[in-house]
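Thanks for asking me to look this over with you.

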Amino acid sequence: MKYRLLGRTGVWVSEISLGTMTFGGKDHPVFSKLGALGQEQVNQVVGTALDAGVNFIDTADVYADGESEELLGRAIGKRRRDVVIGTKLLAPVGPGPNDQGLTRLHVMRSLEDSLRRLGTDYIDLYQIHNHDHVTPIEETLSALDDAVRQGKIRYIGSSNLAAWQISKALGVSALHNQARFVANQTHYSLVSRDAERDLVPMAEDAGLSLTVWSPLAGGFLSGKFDRGGVATELDSRRIQAGADFVPFDEEAGFAIVDALRVVAARHEVSPARVAIAWLLAQRAVTSVVVGARKLDQLTDNIAASDLTLTEQDLAELDEVSRPPVAYPNWIQAAFGPTRIPAANRA
């Protein structure tokens with residue numbers, strides 16, 4: 001396993017991180033279709049990941065209505081010091097009007113609940129799970145800063161925010177000398193490269209880590225699906241879960257899968273491993289979050305850390321998946337200053 005820095009913190013995290021959406025939720029209408037792993041299975045998954053060198057685990061209070069955090073906390077047990085735990089808040093966790101969002105009230109409640117479920121005194125990375133258009137970001141950041149000063153949170157981060165929203169938050173934190181975001185979790189994959197437009201350059205400029213969720217686009221990039229819509233494995237999570245949470249052009253996606261299969265055959269590995277290795281080769285990416293129901297899926301995904309794609313591999317995958325350049329990126333590239341000042345000429 002290789003390790004990369006978590007933003008500008010000096011903390012090292014594994015470039016493959018373990019996702020926990022498959023933990024718990026046996027009777028849940030959504031999470032029952034994603035995995036619904038029980039404690040014994042969770043213990044095996046977490047143990048396998050930690051033994052392979054994974055030290056970064058991602059969860060959220062909304063996963064299986066909190067059961068995911070509970071199962072994870074018990075599975076980690078005495079290995080707490082070996083793990084960088086990231087969890088998230090914002091989504092509804094109860095029926096009340098204040099059981100969601102990023103208000104000071106909900107931040108404090110959610111933090112205490114997550115600490116209790118995880119069985120820990122502190123959370124390493126506490127992330128807002130989305131944008132709250134009602135609550136001022138100043139209120140949210142103030143509450144998070146208080147929790148950092150209390151020692152209940154080590155670092156804060158974001159997930160699913162636009163680049164301008166993160167930049168605004170960083171400015172507010174700097175203005176008030178408060179804890180700042182050190183990481184952003186975003187969707188990024190060969191079939192969805194939107195992050196390259198603004199989020200990637202923003203992360204590089206601000207010194208933020210970029211962690212990636214759904215690197216296989218709900219299993220589509222595993223190579224288990226053909227153009228007839230039939231999976232080669234009937235237990236595929238994509239079919240069971242309804243498939244289309246991550247939107248993308250499927251016909252273009254199948255062309256990408258074809259290219260993945262060619263590269264995978266060249267290295268004698270799975271298309272999924274290649275798709276994850278491609279992400280690890282991209283600018284600003286710190287860690288790729290992988291989740292699995294089966295140990296063989298997990299070990300295959302983790303092995304992407306040891307796969308180095310060639311320039312030919314990267315060029316072929318880039319060619320088939322490259323999105324059109326968005327405005328104003330194209331005009332800045334075409335008409336930005338390129339001249340060398342006379343004083344700097346040799």
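**Notes on the model**

1. Let's begin with E112, which is partly exposed, as its relative accessible area is 37%. Here buried means under 20% relative accessible area, exposed means over 50%, and partly exposed lies in between (1.4 Å probe, protein chains only). Please keep in mind that this is a predicted model, where local features need pLDDT of at least 70, side-chain atom pairs count only at pLDDT 80 or more, and totals for chains, interfaces and linings use all residues. Residues are numbered from 1 along each chain as its sequence is written, and side-chain values use heavy atoms, with hydrogens and water left out.

2. What does E112 meet in a salt bridge? Its partner is K152, with 2.5 Å from N to O. The pair links distant parts of the chain, 40 residues apart: E112 is in helix α3 (residues 104-118), and K152 is in the loop between α4 (137-149) and β7 (153-159). K152 counts as partly exposed, at 25% relative accessibility. A salt bridge here is a side-chain nitrogen of Lys or Arg within 4 Å of a carboxyl oxygen of Asp or Glu. Helices (H or I, at least four residues) and strands (E, at least two) are DSSP runs, numbered from the N terminus.

3. Helix α3 also holds V107. This residue counts as buried because its relative accessibility is 1%. V107 and V84 are 23 residues apart in sequence, and their C-alpha atoms are 20 Å apart in space.

4. By the salt-bridge rule, the count comes to 20. One of them joins the side chains of D124 and R80, at 3.0 Å from N to O. D124 lies in strand β6 and R80 in the loop between α2 (67-76) and β5, so this pair ties together parts that are 44 residues apart in sequence. D124 counts as buried at 11% relative accessibility, and R80 is buried too, with a relative accessible area of 13%.

5. Is strand β6 (residues 123-128) enclosed or open? Since 6 of its 6 residues are buried, β6 is largely enclosed by the rest of the structure. Strand β5 (residues 84-89) runs parallel to β6, and 4 bridges join the two. Within this pairing, L89 has I128 of β6 as its bridge partner. Two strands pair if DSSP finds at least two bridges between them.

6. Another parallel pair is made by strand β8 (residues 181-187) and β9, joined by 5 bridges. Look for Q185, which stands opposite T211 in β9. With 4 of its 5 residues buried, β9 (residues 209-213) is largely enclosed by the rest of the structure.

7. R273 and D300 meet in a salt bridge of 2.7 Å, N to O. They link distant parts of the chain, with R273 in helix α9 (residues 271-280) and D300 in helix α10 (residues 295-302), 27 residues apart. D300 is buried, at a relative accessible area of 17%. Helix α9 is mostly covered, as 9 of its 10 residues are buried; among them are P271, W278 and L280.

8. Salt bridges can also form a network, as they do among R193, E196, D318, E319 and R322.

9. How many aromatic pairs does the structure hold? There are 6. Y327 and W330 form a tilted one, with 5.8 Å centre to centre and 55° between the planes. Rings of Phe, Tyr and Trp (its six-membered ring) pair if their centres lie within 6.5 Å; planes under 30 degrees apart count as stacked, over 60 as edge-to-face and the rest as tilted. Elsewhere, ring pairs link F220, F225, F248 and F254 into a cluster.

10. Y327 counts as exposed at 60% relative accessibility, and W330 as partly exposed at 43%. F335 is in helix α12 (residues 329-335) and counts as exposed, at 66% relative accessibility.
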